[in-house]
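Here is a short report on one protein chain. Look at the sequence and the model first, then read on.

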Amino acid sequence: MLREQNRLYEACSPRPAPCVHLRFTGPFEQKIIIWDAQIATLAYYLSEHKNLNMDCKTLRPFINVGNHSEPGRYLQIGLNVTTIDDATIIKSMIMIRQYKRLQVGRYEYGDPYCSNEVS
């Protein structure tokens, strides 16, 4: 449906927000698929996952590629930004579309969320 409507993405939740749910097309394992994505700020992710015994010193920006489901392949992205807006969504989609060896699993990169805080 996204391909036929020639849209960049389909927003499934309001934006800007600390967490946005959307769908977009992109490559995965040499096929064009629908990504069923959640893009969240690291602050939002940390507040929503308090039970995982993680803190801001261990949480880093991440990409989590999950299993395929009816709406598309699950994708979760955590970014060290203050809000998820249209520009952040577009940059995230470009990042996923250009990632050549993306596989199911979690990828972490960059500095820990609160690495700039003074101890």
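Leu-42 is buried, because its relative accessible area is 0%. Buried means under 20% relative accessible area, exposed means over 50%, and partly exposed lies in between (1.4 Å probe, protein chains only). Leu-42 sits in helix α2, which covers residues 42–48. Leaving aside residues up to four places away in sequence, Leu-42 touches Leu-59, Arg-60, Pro-61, Phe-62, Gly-78, Leu-79, Asn-80 and Tyr-113. A contact here means heavy atoms within 4.5 Å. Leu-42 and Ile-77 are 35 residues apart in sequence, yet their C-alpha atoms are 9.2 Å apart in space.

This is a predicted model: local features need pLDDT of at least 70, side-chain atom pairs count only at pLDDT 80 or more, and totals for chains, interfaces and linings use all residues. Residues are numbered from 1 along each chain as its sequence is written, and side-chain values use heavy atoms, with hydrogens and water left out.

## Overall plan

The protein has three helices and six strands. Helices (H or I, at least four residues) and strands (E, at least two) are DSSP runs, numbered from the N terminus. Along the sequence the pattern is α-β-β-β-α-β-β-α-β. Of the 119 residues, 37% count as buried. Take the contacts between residues at least 6 apart in sequence: 57% of them join residues at least 24 apart.

## The sheet

In what order do the six strands of the open sheet lie? The order is β1-β2-β3-β5-β4-β6, and the pairing is mixed. The edge strands are β1 and β6 (105–108), and each pairs on one side only. Two strands pair if DSSP finds at least two bridges between them.

| Strands | Sense and bridges | A bridge pair |
|---|---|---|
| β2 and β3 | antiparallel, ten bridges | Cys-19 and Ala-40 |
| β4 and β6 | antiparallel, four bridges | Val-65 and Gly-105 |

β2 is mostly covered, with eight of its ten residues buried. In a regular strand the side chains alternate between the two faces of the sheet.

Helix α3 has 13 residues, 86–98. At 1.5 Å a residue it should span 18 Å, and its end C-alpha atoms are 18 Å apart, which agrees. The expected span is 1.5 Å times one less than the number of residues.

Which residues of α3 are buried? They are Thr-88, Ile-89, Ser-92, Met-93 and Ile-96. These residues cover an arc of only 135 degrees around the axis, so they lie on the same side of α3. The arc is that of the directions from the helix axis to the C-beta atoms. An α-helix has 3.6 residues a turn, so residues three or four places apart point the same way. The face turned away from the buried side carries the exposed residues Lys-91 and Gln-98. What covers the buried residues includes β2 (19–28), β3 (31–41), β4 (62–69) and β5 (72–79).

The largest nonpolar core has 20 residues. A nonpolar core is a set of buried Ala, Val, Leu, Ile, Met, Phe, Trp, Tyr and Cys residues joined through side-chain atoms within 4.5 Å. Leu-22, Phe-24, Trp-35, Leu-75, Ile-89 and Ile-96 touch the most other members. β2, β3, β4, β5 and α3 each supply at least two residues of this core.

## Loops and cysteines

Now for the backbone. Most residues other than glycine have a negative phi, and most peptide bonds are trans. Glu-29 has a positive phi near 50 degrees. Glu-29 belongs to the hairpin of β2 and β3, which has two residues between the strands. Gln-30 lies in the loop between β2 and β3, and its phi is near 60 degrees, again positive. Glu-29 is partly exposed, because its relative accessibility is 49%. Gln-30 is exposed, with a relative accessible area of 83%. The peptide bond from Arg-15 to Pro-16 is cis, with omega near 0 degrees. Pro-16 is in the loop between β1 and β2.

How many disulfides does the structure hold? The number is zero. A disulfide is a pair of cysteine sulfur atoms within 2.5 Å. Cys-12 is partly exposed at 32% relative accessibility, whereas Cys-19 is buried at 16%.
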